[in-house]
Amino acid sequence: MLYLIQLAKPSGGAEEHNVLLPAIPELVWSAIIIAIFFFVILKFMYPKYKEITEKRATTIKDGLEKAAQAKKEIADANTQSEQALRQAHEEAARIRSEAQESAKRIVAEAKTQASEEAERINAQAQRQVEANRQAAEISLKTEVGMLAAELAENIVGEQLTDRDLSARVIDRFLDQLETSCEKESVRK
């Protein structure tokens, strides 16, 4: 470093130009060129740069506003869809409960109808059984009466031509037969 300092010092009486320091005209021209460069940049480039950055800032700001708007719309849509889903669940639950009530009512009606139909069939069967029993009883009485009349004719040895007498004999015989059957059924 010392060597450089010695090179920079003038060795003689005349003033020599220092290598490390530029000459004054070079400094002036360099300052003018730098001033022109800054003037051109400030005049032409800076407004363009400012315009581009403002556009970019506006675009970013609009994008953020649109994103916020979209986010709000998405939140509103989610709220609406959740509300619609809740309403759908409530409607489904209401429909299920109505269906269950309707099914219970239909089952109860079917049971009532089946019970009424069974009672009607049972009553009809009872009437039929009673009619068959009465028909069998009448048929049996008639046959027993005929047999009793024949037996009485055989015992007495003559034919019973009097119908009233025959009917009284048959009725008395049947009454005695019924009484003896009832006594037998009470003993059992």
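**Salt bridges and a nonpolar patch**

Guide: This is a predicted model. A search of the whole structure finds six salt bridges.

Visitor: What does Glu 51 pair with?
Guide: Glu 51 forms a salt bridge with Lys 55, and their closest N and O atoms are 3.9 Å apart. That falls within the 4 Å cut-off for a salt bridge.

Visitor: Where are those two in the helix?
Guide: Glu 51 and Lys 55 are four residues apart in helix H2, so about one helical turn separates them.

Visitor: Is Lys 55 buried or exposed?
Guide: Lys 55 is exposed, at 53% relative accessible area. Glu 51 is partly exposed, at 38%.

Visitor: OK, what about Glu 130 and Arg 133?
Guide: Their side chains meet in a salt bridge, 2.4 Å from N to O. Glu 130 and Arg 133 both lie in helix H2, three residues apart.

Visitor: Which residues get joined into one network?
Guide: Glu 91, Arg 94 and Glu 98, through salt bridges that share partners. Between Glu 91 and Arg 94 the closest N and O atoms are 2.2 Å apart.

Visitor: New topic. What does UniProt place at residues 27-46?
Guide: The unreviewed UniProt entry places a "transmembrane region" there. Over residues 27-46 the chain is 100% helix and 0% strand, with the end C-alpha atoms 26 Å apart.

Visitor: And which residues form the nonpolar patch on the surface?
Guide: Among them are Ile 24, Trp 29, Ile 32 and Phe 44; the patch has about 960 Å² of accessible area together. Ile 32 sits in helix H2, residues 24-156, and is partly exposed at 37% relative accessible area.

Methods:
Residues are numbered from 1 along each chain as its sequence is written. This is a predicted model: local features need pLDDT of at least 70, side-chain atom pairs count only at pLDDT 80 or more; totals for chains, interfaces and linings use all residues. Side-chain values use heavy atoms; hydrogens and water are left out. Patches are made of residues with over 30% relative accessible area and no salt bridge: like charges are joined within 9 Å, nonpolar side chains (Val, Leu, Ile, Met, Phe, Trp, Tyr) within 5 Å. Accessible areas come from the Shrake-Rupley method with a 1.4 Å probe; for residues, only the protein chains shown count as cover. Buried means under 20% relative accessible area, exposed over 50%, partly exposed in between (1.4 Å probe, protein chains only). UniProt positions are given in the numbering used here, feature names are shortened, and annotations may be inferred rather than shown by experiment.
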